[in-house]
Every structure is written in C-alpha cells, then in structure tokens.
Amino acid sequence: MPSMTPATERDIAAAEAHSAHNYHPLPVVIASAEGAWMTDVEGRRYLDLLAGYSALNFGHGNRRLIDAAKAQLERVTLTSRAFHHDRFAEFCAELAALCGKDMVLPMNTGAEAIETAVKTARKWGYRVKGVPDGKAKIVVADNNFHGRTTTIISFSTDPEARADYGPYTPGFEIVPYGDLAALSAAVDEHTVAVLLEPIQGEAGVLVPPAGYLAGVRRLTAERNVLFIADEIQAGLGRTGRTFACEHEGVEPDVYVLGKALGGGVVPVSAVVASSEVLGVFRPGEHGSTFGGNPLACAVALEVIAILRTGEYQERAAELGEHLHRELGLLVGGGAVEAVRGRGLWAGIDIAPAVGSGREVSERLLERGVLVKDTHGATIRIAPPLVISKGDLDWGLDQLRAVLAG
Ligand SMILES: *Cc1c(COP(=O)(O)O)cnc(C)c1O
C-alpha cells in the first residue's frame, strides 16, 4: 500500500465508516484540480490519467465551462419540464445538429439515457415496426457496460455487476462482441434494436475488429432494426473523432451520450435520434425532473461549442498516435501483454509477474499518476484531452518506471 499521512488515513477511514462499500478507491483524497492535474489534501499533485472515465474530457476547471455554469447559476437553474426555459431549444437543436439528427431527449446520467434508449426502441418496435405486444427483443454484446440499473445489469455478463439483483428484466439476447455472424443469427422478426459500445471501455478498451461496426450498420438497416450506439464513454472527442462510430464511417440510428456532455461539471445525458424514432413519445410517457435543466443545458451548450471547433478531437488524434506508439514499444518486453485503444484512450494488460492492475495503479499513485484498473490485470489510460505532450510523456515515464519494477 502507498504511504499515507494521518490526515489522509482519517479521511479514508471516515469515508469507509459512513459510505456503502460499492467502490474501492485508491488511497488518495483530492481537494482541488485544474487541467490534467489534481491536488490532494496534503498538497501533493497527481497527473489525472482517468479523467472521470471520460467525463472530464475538457479538463478540470475548464474556464469556458466554469464561466458558462457560473453565468447560468445567476439566472435560473431549474424549471422542471412543466415549463419551457430559454436554454432548452438551443441545447436540443445544437446537440441534434452535432449528431446529424433532428431530435433529442435529455436525461441526467448515462444509465438513465440507456434506459431511455431501451424504452424508445421498444416503443418504436410496437408502434412503428409492428412487433407483437410484449415480444420486443434487444440484442447486446457480452462484456458490455451500459450502467447500473436493474434492467441494464439484467443484460450484463459481469457476475459482480449482476449477482443478487434478480429477478432480471427479460427481452435481451447477448452475443459475442465483434462477431457479426452471431449478431446476424440473433436478430429475428421481434428484434427492435442492437445496442453496442463502439469501443468497450469498462471491458478494457476493446476495439472491435475492423468492419464490425459497418457490418452492424448494414445488417440493422437491412432488417429494420435500430442501431443504438452507446457513445457515453467513447464519444465526444476521446478517440480523435466526435463519435467513435465515425472511424468506420457509421452513423447509428440512436446515439446515447453522457459523461463529457456535462463537462465534468453537472451530469448531462441524452438520447439523440431522428424524429421518426424519438417521435414515438407522447406527453406523460417518459420524463425526468432534472433532465434538460437550464444549468445542464448551459454547460452542455458550451461543451458542444468546444467540440464544434474540432480542436480537442485533433489533439486526441495526434497525442493518441504518440501514446499508442509509446505503449506499443512496451509490448513484448515481458511487463505488458497487450495494448488496445484509439485516440487518447488505452487499455494495457499487465503481465501477472509485474502485479495486478490494482498494484500497478497504487505504484503509479506513489509516483504522482492516477489511473484505474479494470478486470484484474488491465489498467486504463484516458487523460483529459487538454493534457500537454510534456505531461503525457512524464506520465509514460512513470509507467515505464513502475513496469520496470
Ligand atoms: C459510464 C457509462 C455508462 C453509465 O453512465 P452513468 O452516468 O455512470 O450512469 C453507460 N455506458 C457506458 C459506455 C459508460 O462508460
């Protein structure tokens, strides 16, 4: 375990005493942050190579986002959807345009947006496609991560995420990720949607085989099935494009967005699609008290404006190429078994001899670098896209030092 001062130890013990133990955080207590750097309660600085699982794509304390939030805080923060407010129409129009669609349904968290996409697909299936009532099927991939609600964990293949939460919601079929033939076999006349992450983040940054997403697009179009892309973690600049689906020239029927959409300031999520699809909802059939609130819209509008410049997508592409070139050199040296990813996003499988992902994360913490392990042997690198090349190189130096033992 990394060495801890008494103050840090006290904070952690208090958190353990009074919060449910559904997380196992690294032993560091953050007090402030700026750009790609975080500072703990002792004044020690850490390079953030996690970026809140991509919620912080534009960095901690991003000036434009903080200013947008502050200005909106002084005007109006919440109306509920019982009334219109003056940031709503602009937010929906701008987000729809960013996605090349014409309709938006705003929610708050990623899981809520996935739930919304599931409800959208089922309703579309019954009202538009003509699936018999109660028969709608949604095809998903193994090793998926789409959130934590009861319905979503019903189609998870991760025992930790699922155990003891039954009875499970029916209506989902799970096929191997990246296997187009298996997907094709699973799609039948009752199938309303295929729901996939274009890159599986929590699974360890798994990039599907080339041609897979394009194949899914072809297959779903041919069979009158909605292609729902969960771009909650992969989207909004992370991979070097606005959307990860773009790498295969694919436009899904439904985008599910979250995380970076709220700029690391407020939770903002959304389902974005055509009016033929999202037009299935009538008043009272779905909703959220906080969804599309003025503060959320103001921050997300600034996020969209930042994305419109293309600056961060370009940074992610360029720095990502550098990152993957450097990480590629580690493979075969004994400490690293494989590296995957795209843009400023990488999953690194650590050789068992070096230690577990958790142990590597703790050693990096001692050297001033914050990462998170996933599935035992993998660490994930996803810095804020504002990171400088110098800082990224320094972080890579620390990684090399830890891997060298
Ligand atoms: C984080 C995540 C979610 C869930 O988002 P929450 O805001 O945590 O509910 C869903 N899908 C993907 C791909 C994610 O990375």
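On the wording, buried is under 20% relative accessible area, exposed is over 50%, and partly exposed is in between, with a 1.4 Å probe and protein chains only. The areas themselves come from the Shrake-Rupley method with that 1.4 Å probe, and for residues only the protein chains shown count as cover.

Before I go on, what you have up there is a predicted model, where local features need pLDDT of at least 70 and side-chain atom pairs count only at pLDDT 80 or more, while totals for chains, interfaces and linings use all residues. Residues are numbered from 1 along each chain as its sequence is written, and side-chain values use heavy atoms, with hydrogens and water left out.

So, who does Lys389 pair with? The partner is Asp393, in a salt bridge whose closest N and O atoms are 3.4 Å apart. By salt bridge I mean a side-chain nitrogen of Lys or Arg within 4 Å of a carboxyl oxygen of Asp or Glu. Both residues sit in helix H14, four residues apart, which is about one turn of the helix. Helices here are DSSP runs of H or I with at least four residues, strands are runs of E with at least two, and the numbering goes from the N terminus. Asp393 is partly exposed too, at 21% relative accessible area.

In general, side chains of opposite charge can pair when their charged atoms come close. Arg400 bridges to Glu326, with 3.1 Å between the closest N and O atoms. Arg400 is in helix H14 (residues 389-404) and Glu326 is in helix H12, so this pair ties together parts that are 74 residues apart in sequence. Arg400 counts as partly exposed, with 29% relative accessible area.

Now to another bridge: the side chains of Lys101 and Glu251 meet at 2.8 Å, N to O. Lys101 is in the loop between helix H4 (88-99) and strand E4 (103-107), and Glu251 is in the loop between E8 and E9, so here the parts tied together are 150 residues apart in sequence. How covered are the two ends? Lys101 is buried at 16% relative accessibility, whereas Glu251 is partly exposed at 40%.

There's also a network of salt bridges linking Lys123, Arg127 and Glu285. And how many salt bridges turn up in the whole structure? The search finds 18.

Glu311, Glu314, Glu318 and Glu321 form a negative surface patch. A patch takes residues with over 30% relative accessible area and no salt bridge, joining like charges within 9 Å, or nonpolar side chains (Val, Leu, Ile, Met, Phe, Trp, Tyr) within 5 Å. Lys and Arg count as positive, Asp and Glu as negative, and His and the chain ends are not counted. The place of a charge is NZ of Lys, CZ of Arg, CG of Asp or CD of Glu. Glu318 belongs to helix H12, residues 311-328, and is exposed at 54% relative accessible area.

Over to the strands. E2 (residues 37-40) and E3 (residues 45-48) pair in the antiparallel sense over three bridges; for strands to pair, DSSP has to find at least two bridges between them. Trp37 has Leu47 in E3 as its bridge partner. The two strands form a hairpin with four residues between them, and Gly43 in the turn has a positive phi of about 90°. E3 also pairs with strand E13 (residues 369-370), this time in the parallel sense, over two bridges. Leu47 shows up again here, with Val369 as its bridge partner in E13.

Most residues other than glycine have a negative phi, and most peptide bonds are trans. Asn143, though, has a positive phi near 60°; Asn143 is in the loop between strand E5 (137-141) and helix H6 (150-154). Leu236 also has a positive phi, about 60°, in the loop between strand E8 (226-230) and strand E9 (254-257). Which is buried and which is partly exposed? Leu236 is buried at 1% relative accessibility, while Asn143 is partly exposed at 41%.

And where's the cis peptide bond? It joins Gly166 and Pro167, with omega about 0°. Pro167 lies in the loop between helix H7 (159-162) and strand E6 (172-175).
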